[in-house]
Amino acid sequence: MATEKTTLPNEKRVALFSAEERLRYSRHLMLPEIGPEGQQRLKAARVLCLGAGGLGSPAALYLAAAGVGTIGLVDFDRVELSNLQRQLLHGTGDVGRAKTESARDRLVAANPNVDVHLHTCRFESSNAEEILEGYDLLIDGSDNFATRYLANDVAVFARKPNVYGSIFRFDGQATVFAPHLGGPCYRCLFPEPPPPGAVPSCAEAGVLGVLPGIVGTLQATEALKLILSIGETLVGRLLHFDALKMKFREFNLRRDHACPVCGDSPRITAPIDYELFCTGEVAVSPAANEIDVQTLQQKMSGPEPWLLLDVREPFEFDLARIEGANLIPLGQLSARLDELDREKEIFCLCHGGMRSEQAAKLLRSAGFPKVTNVAGGIDAWSEMIDPNVPRY
Ligand SMILES: [Zn+2]
């Protein structure tokens, strides 16, 4: 898509590749649908991968192997041991490194001809348009709603295809959002983000390790087709994959003319600071009735009586716990309220702060007077207070 049309004969086009490239890409060069012209297009293409995690791993690896000339990676995370079950860009020796750096090493090892650009930062309203400017298309491998909505909006503004993928437990989805190519955008389907805590993330719900491998590979396929202008893309179609039943289903998607970003009279015309209203694993700044882990630590050593209520599952409690916590999984809480002392201040805790927020709401509506949610959960506690508590 970044290549201009020329009328060079194929022999001359082949000569533009080095002997090494001619061998490396020989299986592409012999396909009539790709050939030297297509391979040149791939070389000139610039693809931005949002996230160097589960979806970004196969997507970026296959694009690098295919000879996509420029690959951008946006990620601010570091590699954790619990990532390795599905994020094949990273190895055991990379634990603790920046994901972007670990990913770059793996991509360059796969194909040293690829130019890998690192954006080791959050993708935010302040930088999203500037980052996307250097690329032709976007692969959304993010795992939170703030990034997903922002990616959608800036891709619509820039008229660049957004190759979308998402995974949850055993189910995956993929499509291409591209209103400028006649399809819908993400907001045509879901105009506003869900309220915080309404949808659990992978960290809270779990995911089959191979699932992002399948969905991320679908995203790579769509990106290559868009660059090469071949085949029928997923514009206007959502592909749903059920790993347990081993079934693919397809849904037709339509543009919504009342869509707030790509509709006839759009309300959203500039990037929004999504974290103001859309939190997930991303934002851990405390809201009302919430405290951060530093405040929790102070209160636990203060004079007021307290109860630390951990609402995670027993296997999580076995993996990592804060000394003095009481375990009642969220699903059992409403039946076990009489085990809790109403006189004490109750601090609700989970892995990332979402289940515990639901627990806090439940306790307040049951009349408990002093209930506080711990923002960021035990994950923030391990990161900021006690590194001896394992992260998972
Ligand atoms: Zn739309």
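Strands β5 and β6 form a hairpin with 2 residues between them, and R169 in the turn has a positive phi of about 55 degrees. The model is predicted: local features need pLDDT of at least 70, side-chain atom pairs count only at pLDDT 80 or more, and totals for chains, interfaces and linings use all residues. Residues are numbered from 1 along each chain as its sequence is written, and side-chain values use heavy atoms, with hydrogens and water left out.

- β5 spans residues 162–168; strands (E, at least two residues) and helices (H or I, at least four) are DSSP runs numbered from the N terminus.
- Of the 7 residues in β5, 6 are buried (under 20% relative accessible area, 1.4 Å probe, protein chains only).
- With β6 (residues 171–177), β5 pairs in the antiparallel sense over 7 bridges; pairing requires that DSSP finds at least two bridges between two strands.
- G165 has A174 in β6 as its bridge partner.
- With β4 (residues 137–140), the pairing of β5 is parallel, over 3 bridges.
- D140 stands opposite Y164 in β5.
- The β-α-β crossover from β4 through helix α8 (residues 145–158) to β5 is right-handed, meaning a clockwise path from the first strand over the helix to the second, with the strands pointing away from the viewer.

**Surface around V210**

- V210 lies in the loop between α10 (202–205) and α11 (211–228).
- The relative accessible area of V210 is 51%, so this residue is exposed (over 50%).
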